[in-house]
Every structure is written in structure tokens, then in C-alpha cells.
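Subject: Structure handover and notes on helix packing

Dear colleague,

Here is the structure that I promised to pass on to you, together with my notes on it. Please have it open beside this message as you read.

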Amino acid sequence: FPALANFQQRWDSIDMFKYDPQIRPVIVLALLTAACLVGDSMLYIVMPTHWREFGLDSLWEVGILLSANRLVRLPLNPLVGWVYKRISTRQGVLIAAVLALLTTLSYGFVKGFYPLLLIRCIWGVAWAFLRLGSFFAIADCAEDNNRGHCMGVFNGLYRLGSLAGMLAGGFIADLFGLAATALFFGAITLSAIPAAFRHVPDAKNHNKAKPEEPTPIGVLWRDSAIFWALTTGAVVAMIYQGIFTATLSYLVQTHNSSTVHLIGFAFGAASLAGILQAIRWAWEPWLAPWVGIKSDGRHGRRKVLLLSLLLATLLFCLLPLDIPLLPWLLVVMGVQVTATALTTLTDAVAADAATRASKVLVLTAYSLAIDLGSAIGPIIGYVLNSAIDPYAAYWAAALCLLLLSLAWLVPNKEPQVSA
């Protein structure tokens, strides 16, 4: 069967699960990150419905607790980057895993707003160490021809922690209570500690090309490749992790109603938004590596990123339109696809830019940029939607994506790294 043989040959050429030895540590690191993430993801489902069991007095406390970890990371990222100059990647990831274990277990036994606020801040520290440590480890093991693949594999697999935490967390909490839920997810997080000992590189020098010459901080805006990598990461995080994710249930309700009738079933706006988000995390282990592989190939990172930005611009323009439910849901799913693609591509672009200067400096700045974008995104989204128009945030997102597309049409200049 020549056709079948040809299909098998083409599939083998893009099969993202045939990893070379350079990719295997990335897989382990992604699964380690997923194990640390389950407790935090569980909290987003459990706390809004079980807030009284957490010893809270009102729902506004839930909002503060769920956002505190992001806010604390803004000043923490530079500090964690400075710490990583003095410790190995393995040591940093181990710190993150231990803190993640302690915070996950605490969710089942600690009560009250202020103790939980402290725990959420500690989780922010853990995620800062984990995220930067992952960036450094991937930058150390990846090459120019597989950096997108590595980022795609990492992004695709670590979100399995969010999927497991959100899908299983609510059921376990409803059936067995908070303590059992915390112990169950704590046992999963515990597995990250031996994995970190065995598989995370024990590398202390994250800038092997220029170990003697410190890079001036001005390279972040003088080198146009680095500047646009940081800017793109911040804008994409603001739009997808901030505006779109935070307002998805609002968007479903505004476009339709509080109850959506689909294929004979009635869904609440929040439930349908949760299903749409879960579908994205389910396809990411396959789609994100595929996007990374394509960006490593002959078309190059810039072209794939530019096409993804233009497609995202079009889809965000379609979101506010009054179109039937099923086609509109396909548009929402398309936005989710571009979220997977652009998250992977911006991470890969940042890793590319980090090879032009100090990896610690560039990746720390990139982590700060995406945290800043994701933190201000929900505020911008709800302010625009409430003050101007119910769909103003999505028109603004389309405009930002279009401007980014135009910026990436212009070739980057050579780096200017002198003081």
C-alpha cells in the first residue's frame, strides 16, 4: 500500500513523541512542573465553591487569594533571577518542589484569610523558582534546531497539571473534603522531588558563551530582537492569560445568556467556559510540540509567529460579532488554538533572544514581562468592557495583535550590547 507507506513516512517526520536525548529532560521537567501545579489549579475550582470551609468570610477574599501569587511574582522575578546566578538549576527547582508540596498540603488544613494569603505568596515564590528554573534548563539543553520543539513539549505537558487539578479537584473535594483533596494532590507533588534530583541539570552557569563579561541591562531595549521578544511575550500574556481567560465566562454569557443550550443540554456560562479551557489543555500535549517543530523547520520562527498573530487578529475581530452559537464556539476554539501556538512561539522566541546575551538576564526579564501582562490583563479587560462596550476588550486585543503583526514584518536589527 504505497499511500499508507507514504502517510507513515510523513507522520514519522513530524512525530513529536519520538524524542531525542536532548528532549527527554524537557519531558521530565514538564511533568515535574505539572506535579507541582496540581494543587494551585485545584484551588481555582475548589475555593470559589468551598470558601466557607477555608474559613473565609466573603467571596472578595477568594479573588484576592487567587491573584496574590501573581502579584507577588512581579517584584520576585528579578530576585529569583539573581539567586539563580548563585545556585544550580537543580537546587532552584528543588526549592520550588518543596514549597509547592508544603503549600498544597496546607490548603487542606490551614483556615482563615491571612494565613492563606501567606501560603499563596509562598506559592508565588515556588512558581517563580519553577518557571525560571525550567526556562534555564531548557535554554541549557536546547539547540537552535530544536528550541521550539523543546518549548512546545514543555508547554504542552506541564499544563496536564492544570487539567488534572481542575477536573479531579472539584470531584474529590465534594466527595471527601478539603483534607483528603490536599493529601491526594500533595502525594502527586511529592513525586517531583526525586524527579528533580535525578533529571534536572545541576548547572550553575547559564551563560556559557560569555561567562566573564556581565551583560548591561540596557541590552533589553537596545537589542531589538530581545526587546520585541519581551514585548510580544507581555502582550500575548496580557491578552490570553489575562483578558481572554479571565473574561471567558463573561464573554459566553454576554454573547449568549447565563444558560447556554447546546446539543440538547443546558450549560451555565461558567461551566461552558471551564469546558472550553479544559479542551485546550487536553490538546496542548500534541499541538504545542507540533507548533514548536514547525517553527524549528524551514519556514522559521518569524513566519510561523507572524501567521499565528494574523490569524489571532482575525479571530478576535470575529468574537464580538452576532453570529450563531455553533460557529461562534468554533471561533472561540480557534482563539484557544492561537493561544497554544502563540504561547509556545513567544517562549521559543525569548529562548532564541537569550542566546544573544545573558540567559539569566533575558529570561528573568521575560518571566517578569509575562507575569506583568497576565496580572494587568484581567483589570484591563473588565475596565474596557464595563466602561466602554461589552466587547471593547476583544477589539483592543485584536488591535494589539495587529500592531504586533506589523512589528514582526520588519526584520530585527543586529544586537547592540555595548553599554
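This is a predicted model: local features need pLDDT of at least 70, side-chain atom pairs count only at pLDDT 80 or more; totals for chains, interfaces and linings use all residues.

The protein has 16 helices and 2 strands, and buried residues make up 54% of its 419 residues. Among the contacts between residues at least 6 apart in sequence, 83% join residues at least 24 apart.

I looked at two helix pairs in detail. Helix α11 (residues 224-255) packs with helix α14 (residues 325-354) at an angle of about 160°, and their axes are 9 Å apart; the two are therefore roughly antiparallel to each other, the cut-off for that word being an angle over 145 degrees. The crossing of α11 and α14 is left-handed. On the α11 side, the residues that make the contact include Ala225, Ala229, Gly233, Val236, Tyr240, Phe244 and Leu248, while those on the α14 side include Trp328, Val332, Val335, Ala339, Leu342, Thr346 and Val349.

The second pair is helix α5 (residues 113-141) and helix α6 (residues 147-158), whose axes come within 10 Å and cross at roughly 150°. These helices, too, are therefore roughly antiparallel to each other, but the crossing of α5 and α6 is right-handed. In this pair, Trp127, Arg131, Ser134, Phe135 and Ile138 of α5 meet Cys150, Met151, Phe154, Asn155 and Tyr158 of α6.

Gly124 also lies in helix α5, and with a relative accessibility of 0% it counts as buried. Not counting residues up to four places away in sequence, Gly124 touches Asn69, Val72, Arg73 and Leu76. Between Gly124 and Ala96, which are 28 residues apart in sequence, the C-alpha to C-alpha separation in space is 9.6 Å.

Val291, which is found in helix α12 (residues 269-296), is likewise buried, with a relative accessible area of 6%. Leaving aside its neighbours within four places in sequence, Val291 is in contact with Ala341 and Leu345. Val291 and Leu345 are 54 residues apart in sequence, yet 7.7 Å apart in space from C-alpha to C-alpha.

Helix α8 (residues 178-190) has 13 residues and reaches 18 Å from its first C-alpha to its last, which is close to the 18 Å expected at 1.5 Å a residue. Its buried residues are Leu178, Thr181, Ala182, Phe185, Gly186 and Thr189. Seen down the axis of α8, these fall within an arc of 125°, so they line one face of the helix. An α-helix has 3.6 residues a turn, so residues three or four places apart point the same way. What covers the buried residues of α8 includes α2 (24-46), α4 (89-106), α7 (160-176) and α9 (192-199).

In α9, the residues Ala192, Ile193, Ala195 and Ala196 are buried, and they cover an arc of only 165° around the axis, which puts them on the same side of α9. The face turned away from that buried side carries the exposed residues Pro194, Phe197 and Arg198. The buried residues of α9 pack against α2, α4 and α8.

How values were computed: Residues are numbered from 1 along each chain as its sequence is written. Side-chain values use heavy atoms; hydrogens and water are left out. Helices (H or I, at least four residues) and strands (E, at least two) are DSSP runs, numbered from the N terminus. The expected span of a helix is 1.5 Å times one less than its number of residues. Buried means under 20% relative accessible area, exposed over 50%, partly exposed in between (1.4 Å probe, protein chains only). The arc is that of the directions from the helix axis to the C-beta atoms. Contact means heavy atoms within 4.5 Å. Axes are lines fitted to C-alpha atoms, for helices over the stretch in contact, and angles run from 0 to 180 degrees between N-to-C directions. Angles under 35 degrees count as roughly parallel, over 145 as roughly antiparallel, 65 to 115 as roughly perpendicular and the rest as oblique. A crossing is left-handed if the near helix is turned anticlockwise from the far one by less than a right angle, and right-handed if clockwise.
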